[in-house]
Amino acid sequence: MEIKTAALEDLDDAVRLFTGYLGFYKREHPADQIRNFIQERLANKDSIIYLAYAEDRAVGIAQIYPTFSSLSLARSWVLNDLFVDPETRGTGAGRALLKHVCSEAAAAGAVDVVLETAEDNTTAQALYESEGFTKESGFYHYSRSL
């Protein structure tokens, strides 16, 4: 499994996998909007996108938004998106991406990697917990659509 930091020349692979990620969460958007979103993230360096390759085929994607934690007074990474092509699940691509994200975050001086997942996504929860992530309690997650 090879993990690569995506660049504009990897746009097609990133868009294909990100589209799969959106589909997993039952989010539908026009193809051109998805492509523009990923292209802007890469061009503006708003996020870091890692791609997992198996036999020269992109099989997984992770998108990170570097930020800061006010409570920790330090850099923090938000692992916002993690997806592996359903045909290649069980090959270690998700775990490889997760390990790579944590390694790169530490190298960048981040004190933690935070993420969230759906309550019913027990497969992802098992992966995260097996890699040392702990489920937080004591806080509520709020959102307001605008």
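Trainee: Which residues of α2 are buried?

Mentor: In this predicted model, the buried residues of α2 are I34, I38, R41 and L42.

Trainee: How do you know which part of the helix they line?

Mentor: Look down the axis of α2: the buried residues fall within an arc of 95°, so they line one face of the helix. In general, an α-helix has 3.6 residues a turn, so residues three or four places apart point the same way.

Trainee: What covers the buried residues of α2?

Mentor: The cover includes α1 (11-24), β2 and β3.

Trainee: Why is S47 called buried?

Mentor: S47 has a relative accessibility of 8%. Buried means under 20%, so S47 counts as buried. S47 is found in the loop between α2 (31-44) and β2.

Trainee: What makes the link between the side chains of S47 and Q63 a polar contact?

Mentor: The side chains are joined at 2.8 Å. The cut-off for such a pair of N or O atoms is 3.5 Å, so the link between S47 and Q63 falls within that limit. Leaving aside neighbours within four places in sequence, S47 is in contact with R41, Q63, I64 and Y65.

Trainee: Why is A6 called buried?

Mentor: The relative accessible area of A6 is 11%. The limit is 20%, so A6 is buried. A6 is found in the loop between β1 (2-5) and α1.

Trainee: How far apart are A6 and L42 in sequence and in space?

Mentor: A6 and L42 are 36 residues apart in sequence and 7.6 Å apart in space, C-alpha to C-alpha. Beyond four places in sequence, A6 is in contact with L42, I49 and L51.

Trainee: Which residues have the most contacts inside the largest nonpolar core?

Mentor: They are Y50, A62, W77 and V101, in a core of 21 residues. α3 supplies five residues, the largest share of this core. A second, separate core of 17 residues includes A6, L11, F18 and I38. In soluble globular proteins, nonpolar side chains tend to be buried together.

Technical notes
Residues numbered from 1 in each chain as written. Predicted model: local features only at pLDDT ≥ 70, side-chain atom pairs only at ≥ 80, totals over all residues. Heavy atoms only, no water. Core = buried A, V, L, I, M, F, W, Y, C linked by side-chain atoms within 4.5 Å. Buried < 20%, exposed > 50% of the residue type's maximum accessible area, 1.4 Å probe, protein only. Helix = DSSP H or I, 4+ residues; strand = E, 2+ residues; numbered from the N terminus. Polar contact = N/O pair within 3.5 Å; in protein donor to acceptor, adjacent residues only side chain to side chain. Contact = heavy atoms within 4.5 Å. Arc of directions from axis to C-beta.
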